[in-house]
Amino acid sequence: MNPCELAAFVSAAAIAIAKNTPDDEELGVLALAFRQLADTLGTIAAQRVLLAEKEQKKENSPQPSNRDPALIRPLIPGGFLD
């Protein structure tokens, strides 16, 4: 569905709901419920993006090797040799 079709669908759905909900207070509650739905979906989508970015950073960062010379230091009396 392209963006124009999506906008037309949402508008048509809103008009259909409004025509079938003559009580303005009830329509207001429905509007708030749909807004909450939209906000929750937005939060879930943002969290997915954040987690995917973190996972990608984790996959792209070099993993320290046990053979990395910076991590292997001989132990001498009194501490590590720098």
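Which helices each supply at least two residues of the lining of the largest pocket? In this predicted model, they are helix H1 (3-19) and helix H2 (24-60).

## Overall architecture

The protein contains two helices and two strands, arranged in the order α-α-β-β from the N terminus on. Of its 82 residues, 1% are buried. The accessible surface of the protein amounts to about 7,600 Å², and carbon and sulfur atoms account for 63% of that area.

The N-terminal end of H1 is capped by Asn-2, which places a side-chain oxygen 2.9 Å from the backbone nitrogen of Cys-4.

H2 comprises 37 residues and extends 53 Å from its first C-alpha to its last; this is close to the 54 Å expected at 1.5 Å a residue. At the N-terminal end of H2, the cap is Asp-23, with a side-chain oxygen 2.8 Å from the backbone nitrogen of Glu-25.

## The largest pocket

The largest pocket has a volume of about 200 Å³. Its lining consists of Phe-9, Val-10, Ala-13, Ala-14, Ile-17, Ala-18, Leu-27, Leu-30, Ala-31 and Phe-34. H1 gives the most to this lining, with six residues.

In composition, the lining of the largest pocket has 10 nonpolar residues, with no polar and no charged residues.

Notes:
Residues numbered from 1 in each chain as written. Predicted model: local features only at pLDDT ≥ 70, side-chain atom pairs only at ≥ 80, totals over all residues. Heavy atoms only, no water. 1 Å grid on protein atoms, 1.4 Å probe; cavity = no way out; pocket = protein on both sides within 12 Å on 5 of 7 lines; lining within 4 Å. Points joined across faces, edges and corners; volume = space filled by probe spheres on them. Helix = DSSP H or I, 4+ residues; strand = E, 2+ residues; numbered from the N terminus. Nonpolar A, V, L, I, M, F, W, Y, C, P; charged D, E, K, R; others polar. Expected span 1.5 Å × (residues − 1). Polar contact = N/O pair within 3.5 Å; in protein donor to acceptor, adjacent residues only side chain to side chain. Buried < 20%, exposed > 50% of the residue type's maximum accessible area, 1.4 Å probe, protein only. Areas by Shrake-Rupley, 256 points an atom, 1.4 Å probe, with all protein chains shown as cover.
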